[in-house]
Amino acid sequence: MKILSLAAALAVTATTSFAGGDHDMSMGTVTNLDRKSNVVTINHGPLKNINMPAMEMGYAVAKPSMLKGLRKGSQIHFVVEQVNGQYIVTEIMK
Ligand SMILES: [Cu+2]
C-alpha cells in the first residue's frame, strides 16, 4: 500500500508540474474520435496553460477510458498538457 500511494503522489506531482499548476478547464467540441489510436479531435478556444490559440486539433488521451461516453458533437471541458513534447489530454469532463 505504501508503494501504491507513493506512485499516486508522484503521478499527481508530475501532472501538476507540466500544467504549471494551472488546472483551469478549457472548453471545446468533439469533432472526431479515433478509439483505436485513442485520439480525440477537439474544436477548442485558446488553451492558456500551453499557449495554444483556438483551433481544431487531434490529441492523444492519457487513458483510453477517457473516451467513454463521448461522441461527435459532445461539448466538453478538458485539460491539455505537454508531456515529453507531446500534447496530451489529461482530463475530460462533460
Ligand atoms: Cu493545437
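Which residue of strand 5 is the bridge partner of Val61? In the model described here, which is predicted, with local features requiring a pLDDT of at least 70, side-chain atom pairs counted only at pLDDT 80 or more, and totals for chains, interfaces and linings taken over all residues, the bridge partner of Val61 in strand 5 is Val89. Residue numbers start from 1 along each chain, as its sequence is written.

The chain contains one helix and five strands, where helices (H or I, at least four residues) and strands (E, at least two) are DSSP runs numbered from the N terminus. Read from the N terminus on, these elements follow the order α-β-β-β-β-β. Of the 94 residues of the chain, 17% count as buried, a residue being buried if 20 or more other C-beta atoms lie within 10 Å of its own, exposed if 12 or fewer, and partly exposed in between, with C-beta atoms placed from the backbone. Among the contacts in the chain with a separation of 6 or more, 51% are accounted for by residues 24 or more positions apart; here two residues are in contact if their C-beta atoms, placed from the backbone, lie within 7 Å.

The five strands form a closed barrel with the order 1-2-3-5-4 and mixed pairing, two strands being paired if DSSP finds at least two bridges between them. Neighbouring strands of this sheet are turned by 55° against each other on average, direction ignored, the axes being lines fitted to C-alpha atoms, for helices over the stretch in contact, and angles running from 0 to 180 degrees between N-to-C directions. In general, strands of a sheet pair through backbone hydrogen bonds, in either a parallel or an antiparallel sense.

The pairing of strand 3 with strand 5 is parallel and rests on two bridges, with Val61 and Val89 as bridge partners. Strand 5 and strand 4 run antiparallel and are joined by seven bridges, and Gln82 has Tyr87 of strand 5 as its bridge partner. Strand 4 is also joined to strand 1 (residues 26-34) by four bridges, again in the antiparallel sense, and Ile76 in strand 4 is the bridge partner of Gly28.

The largest nonpolar core has 12 residues, namely Val30, Val40, Ile42, Leu47, Tyr59, Val61, Ile76, Phe78, Val79, Val80, Val89 and Ile92, a nonpolar core being a set of buried Ala, Val, Leu, Ile, Met, Phe, Trp, Tyr and Cys residues joined through C-beta atoms within 7 Å. At least two residues of this core are supplied by each of strand 2 (39-44), strand 3 (55-61), strand 4 (75-83) and strand 5 (86-93), and strand 4 gives the most, with four residues. In strand 2, the covered face consists of Val40, Ile42 and His44, whereas Val39, Thr41 and Asn43 make up the uncovered one. With neighbours within four places in sequence left aside, the contacts of Val40 are Val30, Leu33, Gly58, Tyr59, Val61, Leu67, Leu70 and Val89.

Strand 1 and strand 2 form a hairpin with four residues between them, and Asn38 in the turn has a positive phi of about 60°. Asn38 counts as partly exposed because 17 C-beta neighbours lie inside 10 Å. Asn51, located in the loop between strand 2 and strand 3, also has a positive phi, near 60°, and Asn51 is exposed because 8 other C-beta atoms lie within 10 Å. In the hairpin of strand 4 and strand 5, with two residues between the strands, Asn84 adopts a positive phi near 50°.

Met93 belongs to strand 5 and counts as exposed because it has 8 C-beta neighbours inside 10 Å. Apart from its neighbours within four places in sequence, Met93 is in contact with Met25, Ile76 and His77. The C-alpha atoms of Met93 and Ser26 are 10.0 Å apart in space, with the two residues 67 residues apart in sequence.
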